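Here's a quick tour of some side-chain contacts and strand pairings. Have the model open while you read.

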Amino acid sequence: MLNKAIWFVACAFLFDAAAAAQEVDADTAGAAKPGKVEPAEKKATGALEGGVDVAAGYDDNLFATRHRKVDDAFVLIEPSLKYRLTTGDLQLALRGSGDVAFHDRNASEDYDDWLIGADGQVALGKSARLIAGGTYEWQHESRTSPEDVAGSAPTRFERAYAYAGLIGRAGKAAYRIGATYNDYDFADTPAASGTIANDDRDRRTFELGGRLGFEAAEGTELFVQGLWDQRRYRREIDDWGFARDSRGYSLAAGVRHEIGRSFSGEAFVGILRQDYDDAFLPDVHTIDYGMALDWTVRNGLSLSFDLDRSIEETTLPLASSYVLTSGSLSVQASAGRRIAIGGGISGADYAYRGADRSEFVIGANVWARHWLGRHLYIGADYEFGQRSSNVAGYDYDQNRVFLRLGAQLQPPYDRGASGVEVAPGSRGPDGPYLAVLLGHGSLVTGLNGPRGTGTNTADFGDVDADIGVSLGYGKTFGRLYAGVEAEGFEGGADWLHDADRRFSVSRTNSYGASLRLGRLTGQGELVYGRVGVVSTRFRTLYRRFDQEVDDARRLAGLGLGLGLEASAGSHGFVRSEYGLVSYPDYDVGVGGGGGPAKADGSVADNFSNTENRFRMGVGLRFGGNPARKDTHTDFSGAYLGVALGHGGLTSSNQGPRSGGFMLDVTRSGQGALIAAFAGAGAELTGFYLGGEIHADTGKLDWNIERDPQGRIYSVEHDYSYGGSVIAGRKISGSALLYARIGVVRTMFDTRYATTKQSVRERHVEQAPRYGAGLQIALSKKSRFRVEYNFADYAKYKIAYGENEDAFENYENFINIGFLRNF
């Protein structure tokens, strides 16, 4: 549905956030802002824009699965063309784009997506403007979509979209009225056992919305907004017997603030409601909120943040819909006219209503472009995605790498424009360096294999430390940084399952190489991201009855990381970094015991390993540290902040099992959190002492499912809150190295079901919380931090019938936070 955080900011375009290919014309976007309605030129002018991007790519998990992953290489061709005409009070844009993919070994995944569209606007005097437009799209449903039906080919659909609206001003008041129409037509999907019918997904939606704002002060607007929608399916009853027609509305109030051309932002809060015709489908009443921030910093750096909530359609049995809460942070920086880099992180929570299903998807990307001339460029992209689901086997990790060659008619830069310059007298952290790092994090293993006449899908894992060295070389281009790094680490986590079957996985050592891209702050500290390949040795032991397998192998995985480096002295630095690595899955065969057998009579369990790891340490730059400004940041005072967290939930689990065995195992899973925090502290002669409170919500969980009969159980971190004391030491004029100790209270949702009993307990557990991190100044009042936290909770028991299982939870997670001092 509509991305309200953006729709109400630029109602003139009323674009659907789900249609990522639909662009908003830059000229008309400016016209959509209050006070921006300008008299049109009388002379007719036209402009043709277009280009083509060709990318060679690699996907290590083409079907977005946890087990038995399929990788493939592919080629993408992305053409685009736009014609803009301005004449008198009329502006018109005609556009088209395509996205065509050819895969090397999986031709069934080839697709060709197309879009054609038109946008227009006409001035009604000096204070109002009428806008209208639409698109027609031929699209496919991504394999990462929660609604993917897992056919033998992607699901195809067509979408017709139209919008119309009126925007204007009357004194200090600004108004916006608009309507949208969507028509979705899904094609049937081929499958191994026949055809998956999708006619029951065909629908039409109509939305009518408006917004009224009042200028409370220069650059500040208070507003109220509302939206009414109606959703009608072509079939009255879907394939599961439900009537899915509905109607709903949203109401919200908010504030918008602008500071010149450098900053604009708005936030709102309200209610969302959707009522369904079918009495068996639950209506949805929930809080609505959103935020949109755009910040253009000097020296070629820009940031944007979006947060949105919506109610989305599904045909999952018993579920009326899912509430989608999504947020993203993106950064872009340039060095001169020819080089640009960027990246971002995102998170999306899918909370189904009426069905016991919830998912959290995180994403990250890094990209770079180098213009060979005014019309031709080369580039590279890396994308990472990870899903954490409360349904066993639905988790996945995915890595995608692209090499690009592109051309476009309109040049992106002016030959005479000057590039981004380094501050006078400064230099970057150029040259070779050596670092010694201590790490701590989770090894998470997903297992899938035959059990009796069915299957077992389960999560395992544990946390532990490693130690290693990194050797690299870097160079700065203005404030942009690029470098390469090699690393080697010894140690890591291992886990054990001990029952009628005894099996384990241990991580022993790793080495790797990566590319680092980053940017220097005004004070010379480095914020960077990394992408690379990690080769890790895993040992898998498996014993059942008199059969035993000792499988030792080295796996190469793709990984990414985000970190900070702060100067310490003339040549030293301190690093704080978080990284994720996902590896190919593999089979380990064990002696018979039911289930599908391999040719040699063995039965294979499939293991899929991923890691999250925080590393902190010190290093030496042989080329010296950047020259520093004389200004020093004072970290004293009160502050507010937000953070995106990611990490693992691990549980030691014991309990009786059939056959008289006692289970003893550690289970683990990964997930993401969104946190808010507030604190205050004081700085004295380079030392810092303060206090902080925090609250978070999200999904850290693990689960196990025996199908068709057996235990199904899970533990999930729902939310937490707490407080801590922070003590630190300034290691430069703008960087603070600190540790924390405090108390955290966490709501755990534990579900346990057997063939005879089903138990669910939600209870709050309290534990000490320990942490360490690095914080740097982005400006006089703004700060950025990367910190690691660990909490170990007391043991509790879940009773089912005459038996009980014991659980002892511990969590390790990173917080990547932004805070602002008062």
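Are Phe614 and Tyr788 buried or exposed? Both Phe614 and Tyr788 are buried. Keep in mind that this is a predicted model.

**Aromatic rings**

There are 29 aromatic pairs in the structure. Take Phe614 and Tyr788: their ring centres sit 5.0 Å apart and the planes are at 5°, so they count as stacked. This pair ties together distant parts of the chain, with Phe614 in strand E30 (residues 603-621) and Tyr788 in strand E37 (residues 782-800), 174 residues apart.

Tyr639 and Phe677 make an edge-to-face pair, because their planes are at 65° with the centres 6.4 Å apart. Tyr639 belongs to strand E31 (residues 637-657) and Phe677 to strand E32 (residues 661-684), 38 residues apart. Tyr639 counts as buried at 4% relative accessibility, and Phe677 counts as buried at 8%.

Elsewhere, ring pairs link Phe460, Trp495, Phe503, Tyr542, Tyr586 and Phe607 into a cluster. Two arginines also lie over ring faces: Arg201 over Phe186, at 4.2 Å from the ring centre, and Arg615 over Phe489, at 3.5 Å.

**Salt bridges**

The structure holds 67 salt bridges. Here are some of them, with the N to O distance for each:

| Asp183 | Arg204 | 3.3 Å |

Asp183 is in strand E7 (residues 173-186) and Arg204 in strand E10 (residues 203-217), 21 residues apart. Glu683 in E32 and Lys730 in strand E34 (residues 712-732) are 47 residues apart. Arg785 in E37 and Glu692 in strand E33 (residues 687-707) are 93 residues apart.

How about burial? Asp183 is buried, with a relative accessible area of 14%, while Arg204 is partly exposed at 35%. For the next pair, Glu683 is partly exposed at 23% and Lys730 is buried at 14%. Arg785 and Glu692 are both buried. Salt bridges with shared partners also join Glu485, Arg516, Arg530, Glu565, Arg575, Glu577 and Arg621 into one network.

**Strand pairing**

Strand E1 (residues 45-59) pairs antiparallel with strand E2 (residues 72-87) over 15 bridges. Within that pairing, Val52 stands opposite Pro79. E1 also runs antiparallel to strand E20 (residues 396-408), joined by 9 bridges, and there Val54 has Leu405 as its bridge partner.

Definitions and conventions: Residues numbered from 1 in each chain as written. Predicted model: local features only at pLDDT ≥ 70, side-chain atom pairs only at ≥ 80, totals over all residues. Heavy atoms only, no water. Pairing = 2+ DSSP bridges. Helix = DSSP H or I, 4+ residues; strand = E, 2+ residues; numbered from the N terminus. Phe/Tyr/Trp six-rings, centres within 6.5 Å; stacked < 30°, edge-to-face > 60°. Buried < 20%, exposed > 50% of the residue type's maximum accessible area, 1.4 Å probe, protein only. Lys NZ or Arg CZ within 6 Å of the ring centre and 35° of its normal. Salt bridge = Lys/Arg side-chain N within 4 Å of Asp/Glu carboxyl O.
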